[in-house]
Amino acid sequence: MGSAAKNEKLNKWIEEIVEMCRPDGIYWCDGTKEEYDRMMAKMVEAGSATVLVKRPNSFLFRTDPSDVARVEDRTFISTSSKDDAGPTNNWLDPVVLKNTMRGLYQGCMKGRTMYVIPFSMGPIGSPISKIGVEVTDSPYVVCNMHMMTRVSARIYEMLSAGEEFIPCLHSIGAPLAEGQKDALWPCAPIENKYISHFPEENLIWSYGSGYGGNALLGKKCLALRIASAMARREGWMAEHMLILRLTNPQGRQYHIAAAFPSACGKTNLAMMRPTIPGWKCECIGDDIAWMKIGPDGRLHAINPENGFFGVAPGTSYGTNPMAMDTVRENVIFTNCALTDDGDVWWEGMTDEVPGHLIDWKGRDWTPDSREEAAHPNARFTALASQCPVICKDWENPAGVPIDIFIFGGRRSSVVPLVFEAFNWDHGVFLGATAASETTSANIGAVGNLRRDPFAMKPFCGYHMGEYFRHWLDMGEGLGDKAPRIFYVNWFRKSPEGMFLWPGFSDNSRVLKWMCERIEGKVGARKTEIGLLPNDGDLDLSGLDIAPENMNELMRIDSRAWRAELPDIERHFEEFGDRLPGRLKKQLQELRERLG
Ligand code: O2Y
Ligand code: MN
């Protein structure tokens with residue numbers, strides 16, 4: 001077996017995988033455009049990719065209907081002790097899980113090529129970055145990894161020089177017998193899908209799915225689940241957060257990192273164009289932030305990713321023009337509908353609905369069809385560098401200094417538009433109790449309240465109680481250089497069920513208030529739940545919003561907040577004795593303030 005790197009651990013690992021998975025051949029990726037083009041051409045020839053004649057160098061894939069999203073039920077944090085995975089994770093004993101998975105991996109790459117993908121999460125060589133090597137039998141994964149991570153032959157040189165790496169094993173779990181015709185989207189049945197993490201040895205094993213977060217292992221698996229466990233051990237932070245830079249008319253820059261559960265508009269906020277005159281917003285990342293305390297004592301963040309794996313439905317020139325411009329060319333679309341003239345379409349993309357489409361399942365579709373044309377979790381994969389508002393510092397190896405953390409969720413009532421935490425511990429309490437109402441685009445029955453601490457429930461690679469403690473510890477390390485913490489809710493509704501706040505570009509008004517709080521330019525009124533804007537301090541100029549709607553947006557209903565307490569108590573009880581006493585104290589203080 002030839003190898004592209006002189007690294008004993010890598011080569012031994014690859015040998016073991018070859019022995020177990022039995023691929024027909026091995027291909028060592030180099031991340032070049034030529035490699036991408038060649039692999040994409042093969043997939044077009046095989047019929048699994050469709051060329052989009054209307055979008056230069058862009059392709060459409062349709063997955064198997066059973067393989068359309070992350071599979072949380074099949075995602076495991078496998079630590080020696082169950083307690084270390086905590087109550088928010090599925091756990092299996094590592095010996096048992098590895099045994100089961102070895103059985104599945106046996107011969108699973110027969111009839112296929114095994115690709116070795118060397119990649120960096122974060123700019124190659126940044127002190128905050130990490131190297132991974134993904135082994136996969138899916139050419140779709142290779143092409144997506146080219147965009148979502150930095151795939152490069154330079155990584156082989158770093159590995160040859162002894163650099164550490166995180167091994168990520170992936171198989172779609174669909175071996176081909178001699179002469180067997182391949183499926184357009186081969187994958188394994190749901191009961192054989194496993195997305196497994198072994199945080200004690202920084203190892204990822206994924207089997208059976210070719211989709212998104214299950215298969216592009218640099219993203220949720222490495223950059224969040226494994227990285228969060230590493231970050232705790234090493235004293236940094238791996239968070240499910242967008243990063244943006246806001247610049248005021250005087251040129252002062254503010255860096256904001258915001259955590260929202262899936263389906264709350266993170267990509268839209270990350271690429272927002274402010275409505276307030278003179279303010280500028282630039283995108284650094286839309287999903288993940290890695291943060292370390294720098295030599296200046298401040299928290300510096302990088303976006304470890306190289307691209308966007310964004311939800312297509314609902315994205316339009318109205319909701320996110322910058323995303324629309326990002327996906328004009330060089331894009332991989334997955335599970336979108338195909339137009340008759342060779343473009344993609346999805347629900348919410350245009351006001352006018354095309355008269356005929358091929359839907360995400362490959363069937364004729366008209367507006368009379370009963371099902372949606374694009375899958376609700378249809379995606380675009382595009383390079384971050386193609387975003388018109390990408391920040392010039394988005395690849396700065398030192399990262400950007402974070403001024404503001406924002407938490408939030410989708411709440412049709414109770415939670416006001418914006419408030420500030422009293423202090424770090426209170427901010428951690430807000431993150432730890434963050435909740436969102438479920439929509440058709442995410443988990444559970446529509447309208448259920450789901451506690452999703454720090455938007456990390458599906459992504460924390462260890463016990464969530466310890467994760468809260470880590471946040472408290474980081475606050476101690478940062479002292480008076482810690483970012484200020486805010487909580488927002490863009491989704492409050494009137495009693496008639498109408499959204500009260502316009503959202504999107506007008507969210508810049510809320511961000512401006514946060515920046516002015518930092519500068520000490522505006523005060524705030526102390527309430528039971530936190531610090532709220534004083535009347536007149538939120539810049540509403542040019543916005544046609546009825547005063548009664550503003551009042552409702554900012555209203556604090558103490559009774560409704562008191563009614564939240566039992567749910568927060570139940571939520572905290574889940575973490576048992578691993579729940580930090582300082583968070584119990586925060587809950588007690590909230591209880592007392594509410595009276
Ligand atoms: O369903 C998937 O595999 C993708 S999930 C995803 C993709 C990009 C950014 N965030 C998410 C998420 O679920 O938070
Ligand atoms: Mn996400």
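# Rings, sheet and helices

Q: Which ring does the charged end of Lys-98 sit over?
A: The charged end of Lys-98 sits over the ring of Trp-205, 5.7 Å from the ring centre. A charge sits over a ring if NZ of Lys or CZ of Arg is within 6 Å of the ring centre and within 35 degrees of the ring normal.

Q: And what lies over the face of Phe-422?
A: Lys-526 does, at 5.0 Å from the ring centre.

Q: What kind of model is this, and how are things counted?
A: This is a predicted model, where local features need pLDDT of at least 70 and side-chain atom pairs count only at pLDDT 80 or more, while totals for chains, interfaces and linings use all residues. Residues are numbered from 1 along each chain as its sequence is written, chains are lettered from A and ligands numbered from 1 in the order in which they are written, and side-chain values use heavy atoms, with hydrogens and water left out.

Q: Back to rings. How many aromatic pairs are there?
A: The count is 29 aromatic pairs. Rings of Phe, Tyr and Trp (its six-membered ring) pair if their centres lie within 6.5 Å; planes under 30 degrees apart are stacked, over 60 edge-to-face, and the rest tilted.

Q: What sort of pair do Trp-13 and Phe-165 form?
A: A tilted one, 6.1 Å centre to centre with 55 degrees between the planes. Trp-13 lies in helix H1 (residues 8-21) and Phe-165 in the loop between helix H6 (154-160) and strand E8 (166-171), so the pair ties together parts 152 residues apart in sequence. Helices (H or I, at least four residues) and strands (E, at least two) are DSSP runs, numbered from the N terminus.

Q: Are those two buried or exposed?
A: Trp-13 and Phe-165 are both buried. Buried means under 20% relative accessible area, exposed over 50%, and partly exposed in between (1.4 Å probe, protein chains only).

Q: What about Phe-61 and Tyr-140: why is that pair edge-to-face?
A: Their ring centres are 4.8 Å apart and the planes stand at 70 degrees, so the pair is edge-to-face. Phe-61 is in strand E3 (residues 59-61) and Tyr-140 in helix H5 (residues 139-148), 79 residues apart. Phe-61 is buried at 2% relative accessibility, and Tyr-140 is buried at 4%.

Q: Changing topic: what is the order of strands in the open sheet?
A: The 4 strands run E11-E15-E16-E24, with antiparallel pairing. Strands pair if DSSP finds at least two bridges between them. E11 (237-239) and E24 (400-401) are at the edges with a single partner strand each, so one side of each has no neighbour in the sheet.

Q: How many bridges join E15 to E16?
A: There are 4, between E15 (residues 289-293) and E16 (residues 299-302). Met-291 is opposite Ala-301, and Ile-293 is opposite Leu-299. The two strands form a hairpin with 5 residues between them, and Gly-297 in the turn has a positive phi of about 85 degrees.

Q: Which residues are buried on each side of E16?
A: Leu-299 and Ala-301 are buried on one side, His-300 and Ile-302 on the other. In a regular strand the side chains alternate between the two faces of the sheet.

Q: What joins E16 to E24?
A: 2 bridges join these antiparallel strands, and Ala-301 stands opposite Val-400 in E24.
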